[in-house]
Amino acid sequence: MQHNRAVIFLTASPDPDRKKPLMLEDVLFCPILTWVARKLTADGVERFFAVCGPEYADEVRACLPEGAVVSDRHEELLDFVSGEGRVTVIPRAAVPAERAGEGYVYSADGSALAEGWKRAASIFVQDVDGERGWIGLNSLEDIQSVELHLRDEIVRRHMARGVRFLDPAAVYIDPRVEIGRGTFVLPGTILRGNTRIGENCTLGPNVMVRDCAVGDGTEINASQINESTVGSRTHVGPFAYIRPNSHIGDEVKVGDFVEVKNSTVGDGTKISHLTYVGDSDVGRKVNFGCGTVTTNYDGFKKYRCTIGDSAFIGCNTNLVAPVSVGEGSYIAAGATITKDVPADALAVARVRQENKDGWAARRRRMHGK
C-alpha cells in the first residue's frame, strides 16, 4: 500500500562519544537518511517530516526532497500527521534491504498517530502495520556488518540492467550511481555520489569516480575523477587525476600522470602523459607534448590559459598564464611562453644551443680521469 506521507525520527547516536544522529552516518558513501528518502520516494511518498533539532537541520535537508519539513517542534509534527491516510514512520536508523523481513518501520493512520502522540512525544503507537524490507541499525558496528550485504544488492541490481562485473565482490558503488547497459566494471572500482556512467564503458581496474557524468564508450583505467564531466569514447589513465569543475570532451586522451583541474578540454584533444592542465580553456584536436605545464598561479591569484583548436604544444613547455595560444600554432619544445602566440605561428622561447668543443674531456683531465 502506498502512503504519501512519512515521518523520520533522527534520534541521537547511541555512541556517547558521537553527537551526530546515526541516520547521518554514511553507508557506501551515502548518508543513511538519503537511502531512506530514496526508498520512500520510490514507494510513493511525497511529503516528508524529519524530527531533528536545528544543529543538524542543514545536513538533514540535503538528504531529503525539496519541501521536506525539518523540525523538533511537537505541534508541527502533530499538524503534519493529522488527517486521513496512512503515514509511514521510521522510528530509528534503518536502511532498505530487498530481502529483509518485517520490523523497525511501520505505518499507521495519520489521525491515530496524532491522537496517540498528543499524550506524549513518544514514537510508539498502537494499531500499526509493520513494513517489510528494512534493516534496523543501532551502532556503527551494525553499519559495518550490513554494508557489504547492501553492496551486493546494489551490484545485483546493476547486473539485472545489463552491467557486467568481473568480480562483484571487489567493487563499491553508491546507491545514487547510475550505470548504462553494456558497461564492464573491473576490480577496485569505486563509484560515489551522483555519478552517471554511460553505456558500453570500461571502468577499472582501480578507478574512483565521484559526482561525475561519463559518456558512452569511455574507458577509465586506474584513475580518479571528481565533480567533472567526461565525454564519449574518451580514454582516461592510467594514473590520471581529473579534479573538480573539469569538462573533458569526446574522443579525448587523458593519459598517464596527467592532471586536469578546473578546465575545459575540447573534442579530440590528446594529453598523453606527464602534463598539468589547470584553469585552462583548451580547443579541439590540440596535442600536448610530454611535460607541458600551465603555470596558473603566481602565489596570490589564479589565471587562465586559452589554447585554440589544432594547436601543437611541444614537450616541456610552460604556458605562463594569462596567455593565449592561437589556432593551428606550434610551440617549440622546451619553451616558456609568456606572450600570446598568434594563430598558425611558431613560438620559440628558449636560449639558443651552444656547443663548447672539448669541454668535457678537459674537465675529466682536471679531475685525473
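**A loop residue and its surroundings**

Thr 317 sits in the loop between strand S33 (312-313) and strand S34 (318-320). Helices (H or I, at least four residues) and strands (E, at least two) are DSSP runs, numbered from the N terminus. The model is predicted: local features need pLDDT of at least 70, side-chain atom pairs count only at pLDDT 80 or more, and totals for chains, interfaces and linings use all residues. Residues are numbered from 1 along each chain as its sequence is written, and side-chain values use heavy atoms, with hydrogens and water left out.

Is Thr 317 buried or exposed? Thr 317 is buried, at a relative accessible area of 0%. Buried means under 20%, exposed over 50%, and partly exposed in between (1.4 Å probe, protein chains only). The side chain of Thr 317 reaches the backbone oxygen of Gly 314 at 2.7 Å. A polar contact is a pair of N or O atoms within 3.5 Å; within protein, one must be able to donate a hydrogen and the other to accept it, and residues adjacent in sequence count only if both atoms are side-chain atoms.

Now the neighbours. Leaving out residues up to four places away in sequence, Thr 317 touches Gly 291, Thr 292, Val 293, Ile 331, Ala 332, Gly 334, Ala 335 and Ile 337. Contact means heavy atoms within 4.5 Å.

Move on to Pro 322. This residue lies in the loop between S34 and strand S35 (323-325). A cis peptide bond links Ala 321 to Pro 322, with omega about 0°. Another cis bond joins Gly 237 and Pro 238, where omega is about 5°. Pro 238 is placed in the loop between strand S23 (235-236) and strand S24 (241-242). Most residues other than glycine have a negative phi, and most peptide bonds are trans.

Next come two positive phi values. Leu 274 is not a glycine, yet its phi is about 50°. Leu 274 belongs to strand S28 (residues 270-278) and is partly exposed, at 47% relative accessibility. Asp 279 also has a positive phi of about 50°, and is not a glycine. Asp 279 is in the loop between S28 and strand S29 (280-282). Asp 279 is buried, with a relative accessible area of 4%.

Glu 219 is in strand S20 (residues 219-220). At a relative accessible area of 31%, Glu 219 is partly exposed. Its C-alpha atom is 6.0 Å from that of Leu 203, 16 residues apart along the chain. Setting aside residues up to four places away in sequence, Glu 219 touches Thr 202, Thr 234, His 235 and Val 236.

Trp 35 is part of helix H1 (residues 32-42). What is its relative accessible area? The value is 5%, so Trp 35 is buried. Beyond four places in sequence, Trp 35 is in contact with Val 27, Leu 28, Cys 30, Pro 96, Leu 150, Ile 154 and Pro 175. The C-alpha atoms of Trp 35 and Val 70, 35 residues apart along the chain, are separated by 17 Å.

Last stop: helix H4. Buried residues in H4 are Gly 110, Leu 113, Ala 114, Gly 116 and Trp 117. Asp 109 caps the N-terminal end of H4, with a side-chain oxygen 3.0 Å from the backbone nitrogen of Ser 111.
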